[in-house]
Amino acid sequence: MQKNNRIRCVDRKPGRKTVVSLNSGQTIEWQLYWGLQDKDAPRTPVELRAANWKKIDARVPGNVELDLLKAGEIQAPEIGNNVYALRKYESCQWWYRCNFPGPDVPEGHLAELCFHGIDCIAEIWLNDVKIGHVENMFIAHRFDVNDLLSAENELFVRIDSAVLEGRKYQREMFGVRYDALGGESVNIRKAAHSYGWDILPRLVSAGIWKDVALEIISPTHFKGVYWATNSVDPASKQASIYVDWEFATERLNVDDLTLQVKLQRGDQIVFEESSKIYSTVFRTRLNHLKNIDCWWPRGYGDPALYDATLAILDENGETLAEDTQRIGIRTVELLRTDATTKENPGEFVFKINQEKIFVKGTNWVALDAFHSRDKQHIQPSVNMLVDLNCNMVRMWGGNVYEQDEFYDRCDAHGIMVWHDFMMGCTQYPQGDSFLKKIETEAARAIRRIRRHPSLVLWAGNNENDISGEWNNDQSFVDPNDDPISRQLLPAMVRRLDPKTPYLPSSPYISAEAFRLAGRVDQSYAPEQHLWGPRGYYKAPFYTENDAKFVSEIGYHGCPNRESLEKMFDKDFVYPWTNKKDFQWNDQWQTKAVRSHPHSTELLQRNDLMINQIKCVFTKVPTDLDRFILASQIIQAEAKKYFIEFWRMNKFDRTGILWWNLRDGWPVISDAIVDYYYRKKLAYHYIKRVQTDVCVMVGDAQADGHPVVIVNDTLEEAEGRFTIKDADTEEILYKKVFRVRKNGKLLEGYLPETTRTRLWLIEWETAGKKYRNHYFAYQPHVALDVYLKWLPILKPNKTTSLEESDE
């Protein structure tokens with residue numbers, strides 16, 4: 001007699017689905033098989049059993065390379081040139097296998113096998129029956145397995161080579177990125193960065209990268225719930241909202257069912273109502289709510305959150321289905337024009353609850369090249385956003401749709417999320433089959449993420465519009481003819497999340513901007529990515545452009561020595577091949593980031609640090625430690641300058657999202673925190689100039705150096721500030737200030753100086769003290785002049801570049 005080892009579904013809450021994890025753990029063990037995906041590769045579990053392929057233990061969620069590393073098959077790919085050794089695995093096929101006991105499935109309930117993320121082209125068998133084919137890394141995949149489950153079960157997942165799959169397609173448009181390897185990616189719904197990018201290595205991974213579970217679903221359950229805010233009146237604390245809901249049921253008659261709706265914050269119930277159900281699809285309105293706390297971005301108010309619960313009860317009062325979401329009550333608008341010129345300045349400004357918001361924040365890139373490790377990085381990375389007082393983060397389109405925890409934390413901390421759909425920097429296929437893939441992906445992404453009050457924008461892609469401009473290859477192709485960003489995606493947002501604004505691309509080349517330029521040219525777009533020549537950070541390219549909002553702007557900074565020693569093999573840290581001419585050795589080029597040993601596209605990226613040092617200092621240090629200091633100083637001053645320049649022109653310019661917070665791999669980049677969480681000097685400078693109330697000094701104008709105070713709160717700000725010379729401690733300016741809510745004040749001017757000086761700015765408001773500085777100079781300055789000030793500019797006045805926060 002067979003022993004019954006079924007998983008018992010205990011502590012089932014009525015109306016809620018029961019989730020049985022199939023992740024690696026005490027009861028679930030996964031194995032990984034692999035081999036070349038040639039004509040003899042197994043296509044079914046039966047063939048795999050006969051193939052005698054190599055087998056190792058696997059971790060789910062995971063990436064195959066991490067399993068190979070643990071088994072001693074490869075060396076750590078983060079170090080030196082080791083990542084290139086993974087190239088040979090790109091043409092491999094991978095098989096995951098596990099056994100699991102069957103769960104108790106009550107009569108009438110549905111059992112679904114859910115893969116929250118498979119990377120990427122896969123087929124799945126349960127008990128030797130093929131249950132599905134998947135080809136999208138970004139979304140969850142669900143399969144009805146009611147009729148296949150037994151007391152003991154065997155699960156196989158075959159993952160085919162994404163590179164070989166990509167070769168099956170013929171490229172429609174040759175608008176390839178700067179790296180030829182990226183052209184392979186456009187037909188494959190996989191994180192674009194994995195094919196090679198300037199911030200991440202080529203690492204075309206595979207794996208079951210997110211959770212796997214069996215979900216036991218009640219016969220009556222909610223299919224969809226969408227909460228939306230119609231109107232708010234923050235002054236009177238009133239709001240009107242609604243909830244669209246739809247449920248599935250096996251009942252033929254639903255007239256004896258009751259819907260309960262409850263909205264509460266903590267112990268305060270602000271709405272509770274029961275009503276009879278007479279349809280499985282309905283909109284319930286919660287009008288004229290009183291004593292409501294709105295959700296606000298950081299600085300502008302409390303990011304208030306409510307628990308919103310729907311429950312379906314039968315005639316006996318038993319709960320059949322229940323859905324609880326944590327929502328925020330707020331309205332969002334994006335006021336934008338199609339173009340901007342000096343004669344007719346455009347607009348690009350977010351409004352939350354009818355209030356204009358000045359945006360200060362950053363770009364969120366891949367947390368790790370191995371996305372199964374993303375989850376461990378979310379909390380510390382969001383904590384840094386909070387520490388830096390970012391009120392917006394842009395989810396970059398070369399990444400993945402992030403884990404739910406990320407959006408929950410942004411909700412809780414008042415961090416608005418600008419969300420690209422996952423496409424970037426090239427032209428994508430235009431045929432019906434590819435559009436269908438994007439439609440399915442967009443629907444699932446929107447439905448999962450739309451409940452979050454932090455979500456304030458859907459953008460069609462990252463830089464697809466302007467990619468035709470690069471090298472002037474296809475600047476004559478009007479991006480407004482693109483069916484994905486101009487037709488499909490706006491229709492999906494309108495259908496599934498109509499309360500959230502949509503932007504076709506970032507930057508968006510509208511029909512009017514294309515007409516004005518006669519070609520693709522972002523200079524007429526009100527929202528821009530300011531990369532350009534990457535030269536002197538005060539050059540006209542940065543100070544005389546017409547952008548109202550900049551959503552990418554960066555500056556290179558060398559990582560700390562400790563990180564360099566960790567990411568390089570010992571002999572490659574220093575010296576460079578030729579110190580005099582700064583010819584970088586091979587591993588420095590790899591970390592530049594060079595996607596392939598034969599690739600030449602990014603060989604000059606390390607030179608950005610040299611050129612940027614030359615713009616300010618008299619010479620480029622050849623000593624490694626002094627070079628690191630010089631590079632980090634210039635990066636810190638540049639990014640501080642960009643933020644101050646935008647803030648000092650508040651609402652003439654409306655926001656800045658600098659590039660970027662943290663590296664997703666050990667590389668040399670624009671990030672202000674490296675992969676190992678070591679903070680560069682720029683982190684601390686940015687923290688000082690992103691305070692809600694900030695005192696800043698600008699470059700000299702006709703009347704001298706302007707002293708500007710901004711207030712990014714909804715309360716009048718009062719305080720006092722002092723500006724003094726760092727060397728003499730002479731008080732240059734001292735005054736009490738008062739700045740209107742959400743306003744800006746030109747307090748006065750300091751006389752222009754022709755000498756190289758450091759001015760220390762200190763202010764106090766609302767019982768807290770803050771500091772900033774202004775570096776008064778004309779290029780070029782000896783590095784040692786700045787270094788004498790560095791001890792007082794670093795946090796805690798110490799000499800380490802990565803000490804704890806203030």
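I noted the basis. The model is predicted, with pLDDT of at least 70 needed for local features and 80 or more for side-chain atom pairs, while totals for chains, interfaces and linings use all residues. Residues count from 1 along each chain as its sequence is written, and side-chain values use heavy atoms, without hydrogens and water.

**Helix pair.** I found helix 14 at residues 624-648 and helix 15 at residues 681-689 (DSSP runs of H or I, at least four residues; strands are E, at least two; numbered from the N terminus). Their axes come within 8 Å and cross at roughly 20° (lines fitted to C-alpha atoms over the stretch in contact, angles from 0 to 180 degrees between N-to-C directions). That makes helix 14 roughly parallel to helix 15 (angles under 35 degrees).

I then checked the contact (heavy atoms within 4.5 Å). Helix 14 brings residues including Ile633, Ala636, Lys640 and Arg647. From helix 15 come Leu681, Ala682, Tyr685, Ile686 and Val689.

I traced 6 strands in an open sheet, ordered 3-2-4-10-7-8, with antiparallel pairing (at least two DSSP bridges between two strands). Strand 3 (54-58) and strand 8 (129-134) are the edges; each has a single partner strand, so one side of each lacks a neighbour in the sheet. Neighbouring strands are turned by 20° against each other on average, direction ignored.

Inside the sheet, I followed strand 4 (residues 92-101) to strand 10 (residues 152-160): 8 bridges join them, antiparallel. Tryptophan 94 has isoleucine 159 of strand 10 as its bridge partner.

Key. Parallel < 35°, antiparallel > 145°, perpendicular 65-115°, else oblique.
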